[in-house]
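Please read the following report beside the sequence and the model.

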Amino acid sequence: MSIKYEVRSNEKLGRYLVAAKDLKAGERILSDQPFVLGPNSDTSLVCFNCYLPLISKFLVCKNCAVAPVCPGDGCPEQFQKWHTQQECEFFRNLKLNKGINPMTMVQNVGSLLVLRAILKRDFNHQEWKVFMELETHLDRRRGSNVWEYYDNTVKFIQSLGILDNGQNKDLVQKICAAIDVNSFEVRGPPIPAIECAEILRGVYLQAALLAHDCVANTHISINDRNVLVCHASTDIKKGDIIYHNYTDALKGTTIRQQHLMIGKYFICTCSRCSDVTEMGTYMSSAICSKCKTGYVSKKADVWECNSCGKETEKTDIEHKIKCCSEKFEVINKKDEKDLEEYIKNVSLVLAPNHYLLLDAKQRLAGVLRDIINREPRPTKKVMRRKIDLCKEILPVLEVLSPGICRTKAITLYELHATMVQLSKKMFDGREISASAYVDELLNAEKYLKRSLEMLVIEPGNSPEGELCAKALEEYRALKLSMAKVMDAIHAQGKSYQSENVTEVSLHPEVD
Ligand SMILES: [Zn+2]
Ligand SMILES: [Zn+2]
Ligand SMILES: [Zn+2]
Ligand SMILES: [Zn+2]
């Protein structure tokens, strides 16, 4: 593989990556093994070998007699194993020399990741050196709550007597900070029978250097062997900075900035953050109470309408948004009626693409998907509503996450699926002609193809990878359905004529 990126550094970003050549959307930029991977600091007990949760009982590793591991038949074979021979020997020595017992480890499972990072110092010095050079913002953490929070970890590591003389407790704090600031969320092994997984944290030494922008140009996935793969999500020109978005693209600027400040210690000044309209989406704006058509957005200390120019008191508008936000907290987000009611009411107050409305719409689309899949004869109304919701969400995603985006791929898939179901129902009920049916299937095919283009880069065993396999099956079935309808048209001595009057755009503009 030719060199795709170079490491640069400057005052503002520290070290960061730039494209060493022109990169095409979908092109792999880097793939990275975890330097360390493990449970969160507030985790409950997990197996030290495979990270499955240990709920009621556990065994202790036969060799070291310290590490808690899966009971019964042991760790499932297919999962990656993390209790290495080196660690096992290390625990054995601790048991002999320090009297460490399994309960010590059970009580300190939240410090396991830090301990494993320290062990790298002895066994992989080169990587350890790189790890120690990662951004930590140690001075900003010193004396803060988070510093205090990790005091237990510091004490635990000190009690093991593995720090060299002269190494003070700051080393442990520094490791905690390097993990907090640089780690990626990683899905743990799927827990049998409940299909969910522990959320782990992994530090990836190359990917840790990706700079942040709220509109990223990369797509990151982590496969079931915990390898992180970073693809270009849009075309990237040689010399351009390679960006990853550390926050949720579907949250408003204030929330994203809070998240970045708390977790990463910086104020983002990207083009989206410095634009009160959030790239024309008005994602944090409200409807103007004076002209009723414009949107008021926060400009420094006032809220100003983009249409009539009226300034609204900060307290008034922020109170309104807070109410909408609190209301969203308490409604039943799995209930169709609750969500519809919420969307109806909040649409009178907030701009149509406000992040609270988008969140409600996404959830409602999910609830409707479940209804459609569950009911033997779902109504056309439900299907139409779901199609509308997908079409409302997609243009916003197109602006905020241009190119390849996981949420977009899933939304496009969902849109296609319901379009196919609805048009089949209408064709079977003789409500639309064969040609109109073909038109609908062709439209659905466009969405499905676009979804597939994004899903193909997802790792095979991830939920998205599984969706990709399903989508491919459905693509074949769709082609077959179209051929059958075409045959039927021809058998009647007719020919297919598009009745498509409202051509569906794949890239609709945001209002
Ligand atoms: Zn296990
Ligand atoms: Zn062991
Ligand atoms: Zn930003
Ligand atoms: Zn106005």
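Two strands are taken to pair if DSSP finds at least two bridges between them, and the helices (H or I, at least four residues) and strands (E, at least two) are themselves DSSP runs, numbered from the N terminus. Residues are numbered from 1 along each chain as its sequence is written, while chains are lettered from A and ligands numbered from 1 in the order in which they are written. This is a predicted model, in which local features need pLDDT of at least 70 and side-chain atom pairs count only at pLDDT 80 or more, whereas totals for chains, interfaces and linings use all residues.

Strand E10 and strand E11 (residues 228–232) pair in the antiparallel sense over five bridges, and in this region Ile-222 stands opposite Leu-228 of E11. These strands belong to an open sheet of three strands, in the order E3-E11-E10 and with antiparallel pairing. Strand E3 (28–32) and strand E10 (218–222) stand at the edges with a single partner strand each, so one side of each is left without a neighbour in the sheet. From one strand to the next the twist averages 15°.

Two helix pairs are set out below, with axes as lines fitted to C-alpha atoms over the stretch in contact, and angles running from 0 to 180 degrees between N-to-C directions.

| Helix pair | Angle | Axis separation |
|---|---|---|
| H11 (336–346) and H12 (355–374) | about 150° | 10 Å |
| H14 (406–428) and H16 (463–491) | about 35° | 12 Å |

The angle of about 150° between H11 and H12 makes H11 roughly antiparallel to H12, a term used for angles over 145 degrees. H11 passes H12 in a left-handed crossing, meaning that the near helix is turned anticlockwise from the far one by less than a right angle. Residues are in contact if their C-beta atoms, placed from the backbone, lie within 7 Å; among those of H11 that meet H12 are Leu-339, Tyr-342 and Ile-343, and the H12 side includes Ala-360, Leu-364 and Val-367. The residues of this contact of H11 with H12 divide into 11 nonpolar, no polar and four charged, where Ala, Val, Leu, Ile, Met, Phe, Trp, Tyr, Cys and Pro count as nonpolar, Asp, Glu, Lys and Arg as charged, and the others, Gly among them, as polar.

The crossing of H14 and H16 is left-handed. Here Arg-406, Ile-410, Tyr-413 and Val-420 in H14 meet Glu-464, Leu-467, Ala-471 and Leu-478 in H16, and by class the contact of H14 with H16 has six nonpolar, no polar and two charged residues.

The chain is divided into domain 1 (34–203) and domain 2 (378–511), with bounds that come from an automatic or database domain assignment. The centres of domain 1 and domain 2, taken over C-alpha atoms, are separated by 46 Å.

How values were computed. Parallel < 35°, antiparallel > 145°, perpendicular 65-115°, else oblique. Contact = placed C-beta atoms within 7 Å.
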